Amino acid sequence: MNQMNAMMLVRIHDLNQTETPLVQQTVPIPTPGDHEILIKVAACGVCHTELDEIEGRTPPPRLPVIPGHQVVGRVQGTGAGAARFPIGQRVGVAWINRACGACDFCREGRENLCPEFVATGRDVHGGYAEYMTVQEAFAYPIPDRFSDAQAAPLLCAGAIGYRSMAFCELREGQRLGLTGFGASAHLVLKMVGYRFPGVQVYVFARSPGERAFARALGAVWAGDTTDTAPHPLDRIIDTTPAWTPVVEALRNLKPGGRLVINAIRKEAADRDAMLRLDYSSHLWHEKEIKSVANVARSDVSCFLELADRIPIIPEVETFSLHAANRALMELKNQRIRGAKVLLMDHR
Ligand SMILES: [Zn+2]
Ligand SMILES: [Zn+2]
C-alpha cells in the first residue's frame, strides 16, 4: 500500500537509439517533510524540457529521477508546519521547486535566476508518478474551471509563455511572430488575442499540421520556418529547440524589433545555421535578443488567474502514465496538437 507507480529516468539516452528512455518502476510513496505537502497526482504535462533532460542537454544532477514539472493533484497529506492547504485541495506544481529566498535575485522577485534554483522533475522528483511531495509555498491552487488535464500545461507552457509575452512589451497594433507552435506558443496566441486584440500573429512552423492548427486558432498567417512573413515583425517569440529559427526570426524582425527566445537549451543538430548570421540583415538596426530562463512563482500564479479570467482552455491530448515514452517520442517527432498530458490511473 505504500508503493506507487513511477516512470523513472535511470540514465541519459540518445533518443535516436531508443524509444523507451523511461522505465516503469514501483517505488515507495514519498513522505512529506517540514512545510511540505504530499500530492496524489492526477495529471502531469509532458514538456520538451524532459527531452533535454533525457538527452543530457540539461542533465539531472542525480539519477534515477522522476521527471515531470506540470503537476496537478490533490493534497493527500502534510508534513510538520504545513497548514496552507486542506487535505483534498487541488493544487499544481511547476518547474520552480524552490529557490533560496535570500539572494539579490530572490529578493527582487527574480527567483527564477536564483543560483540555488531547484527544478521539479530534474533536480528533485516530479510528477511522472502517482504521488509527489513539494514545499507548500511552491504549490498553487488550481481554478475550478479547468479539468486536471487542462490545468497541467498551464503550469509550464502557460507560465513561461506568460513570461515570454511580458518580455515582448507588446503594444496594440504591433505584429507578433511565433516561431514553433507547440504547447507554449498556442497558449501565447490565445493570451495575445485577449489582451491585445489588435495585434496580428504570424506563425512559423515546420509541419503543415501545426500551421493549420495556428490558423484555426486565429493566426493571420502561417508559413514554414524559413519563409518570409508578408510584413516585418515587431516582436518574435522563439519556442523551438533549433538554431535555424533564430536566424530566420532575426531576418524577419523590423528595425528596433525584439526576439524573445523561450528555450532552456538548443539542440546541436543545426548549430551551423548560426554561421549564416549576417550583421547587417540580422542584427543591425537595433534588433534585440532576450532569452527566458525558468519561471518565478508570480508567472505561474498570474498566468493561472489570467487563464481563468479569459478563459484559456488549453487543447490537450492525454496518455496514461505507462505511455509516457510514447508521448515523449511523439513530442520529439513534432507530432503536436495542443499539449500532451499524462493521466494517472490510481488502480
Ligand atoms: Zn516545461
Ligand atoms: Zn535566491
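I began with strand β10 (residues 175-179), which is joined to strand β11 (residues 200-204) by 5 bridges, the two running parallel. Strands here are DSSP runs of E, at least two residues, and helices are runs of H or I, at least four, all numbered from the N terminus. I count two strands as paired if DSSP finds at least two bridges between them.

This is a predicted model, where local features need pLDDT of at least 70, side-chain atom pairs count only at pLDDT 80 or more, and totals for chains, interfaces and linings use all residues. Residues are numbered from 1 along each chain as its sequence is written, chains are lettered from A and ligands numbered from 1 in the order written, and side-chain values use heavy atoms, without hydrogens or water.

I then looked at β13 (residues 233-238), which pairs with β10 in the parallel sense over 4 bridges. T179 stands opposite D238 there.

How many of the 5 residues of β10 are buried? I found 4, so the strand is largely enclosed by the rest of the structure. Buried means under 20% relative accessible area, exposed over 50%, partly exposed in between (1.4 Å probe, protein chains only).

Next I turned to helix α6 (residues 208-216). Its buried residues are E210, R211, F213 and A214. The face turned away carries exposed P208 and A216. After α6 comes G218, with a positive phi near 115°.
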